[in-house]
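Work through the two exercises below with the sequence and the model at hand, and compare each step with the solution given.

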Amino acid sequence: MYDAREAVDPSLWDVMAVDPAIPVDLATLRLITRDQQRASRSFLYPWVRIASRATVTAIVVAKRVAPIRFSAHATMDRLCLWFLRRFVAPDSVGLLIRHFIVETNLLNFCLRNVGLSAKVELRPTTLADLGNRAVIEHDLNVYRALLALGGAGPLRRPADLDFGMLSIPEIDPEPRTRRLLRLDIQTALCLMNMPFAFCLTSDEYRRAVHSLRLDSSLLAVLAEITGDSAFLGWRPPAVRVDSNVDVPAAVYEHALLCEFAHARLCGAAPDARQSHVP
């Protein structure tokens with residue numbers, strides 16, 4: 001057991017890696033804090049964030065006033081995979097892949113526990129799995145699930161909750177692939193946001209951005225189904241459609257919220273509770 005008296009001069013990272021107030025399992029939390037400690041997070045991110053925001057704003061404005069609609073989904077997928085393979089740290093890529101699985105698990109938990117047969121199938125385990133419209137499908141799945149839940153009538157807590165869909169398979173972020181840089185997630189998101197904005201139509205990009213604001217709806221559904229009000233304290237209501245946001249920062253916060261919710265559900269599963277019985 002950890003003894004606080006042994007830490008004479010603990011660092012910020014020492015505390016963050018074991019902070020009991022962060023409801024994420026320790027292995028994942030250590031990956032997150034390791035990602036935050038990368039040199040790119042300190043020295044590149046502040047500047048790339050500004051450049052990305054300005055570039056994306058210009059792209060969005062130009063595409064709104066352009067007389068034709070333009071999209072290049074296959075190009076976006078290829079650029080994304082090439083960039084992740086060559087410029088982003090393997091642990092950070094692993095966290096990104098993990099997010100797709102975690103959000104799918106949350107959506108399936110909601111769908112199954114209200115008795116719906118609908119199921120989200122997007123569960124990538126390799127970097128290559130992020131191709132073939134995975135990013136677009138990831139956003140659309142949130143809309144589809146909420147549409148199904150909204151049509152299911154008043155939500156009620158089931159007598160027995162089903163936690164069987166919450167497992168996380170082994171993830172392969174291609175750690176042996178030679179990388180030119182090993183960027184952190186936030187810097188990578190800033191850089192990827194530019195081709196995303198360019199390769200999606202204005203409506204597609206706006207829909208993707210607004211999907212981040214639907215966290216409050218998903219958390220409200222989780223609270224209603226589980227009877228756990230803790231889910232309601234993590235996100236304000238999102239009755240607003242707005243593309244003028246810091247998208248990379250919002251994506252990062254969205255991923256953390258999904259991790260919090262997923263960890264709380266895993267902790268509430270019967271097998272998890274039994275494993276803590278003395």
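**Exercise 1.** Locate H262 and decide whether H262 is buried or exposed, then list the polar contacts of its side chain.

*Solution.* H262 sits in helix α11, residues 247-268 (helices are DSSP runs of H or I with at least four residues, numbered from the N terminus). The model is predicted, so local features need pLDDT of at least 70 and side-chain atom pairs count only at pLDDT 80 or more, while totals for chains, interfaces and linings use all residues. Residues are numbered from 1 along each chain as its sequence is written, and side-chain values use heavy atoms, with hydrogens and water left out.

With a relative accessible area of 3%, H262 is buried (under 20%; exposed is over 50%, and partly exposed lies in between, with a 1.4 Å probe and protein chains only). Its side chain forms a polar contact of 3.0 Å with the side chain of N105 (a pair of N or O atoms within 3.5 Å, one able to donate a hydrogen and the other to accept it; residues adjacent in sequence count only if both atoms are side-chain atoms). A polar atom of the H262 side chain also lies 3.3 Å from the backbone oxygen of L166.

**Exercise 2.** Name the residues through which α2 and α6 make their contact, and sort them by class.

*Solution.* On α2 the contact involves T28, L31, I32, R34 and D35, and on α6 it involves D91, S92, L95 and R98 (heavy atoms within 4.5 Å). By class, three are nonpolar, two polar and four charged (Ala, Val, Leu, Ile, Met, Phe, Trp, Tyr, Cys and Pro count as nonpolar, Asp, Glu, Lys and Arg as charged, and the others, Gly among them, as polar).

Note on methods:
Helices (H or I, at least four residues) and strands (E, at least two) are DSSP runs, numbered from the N terminus.
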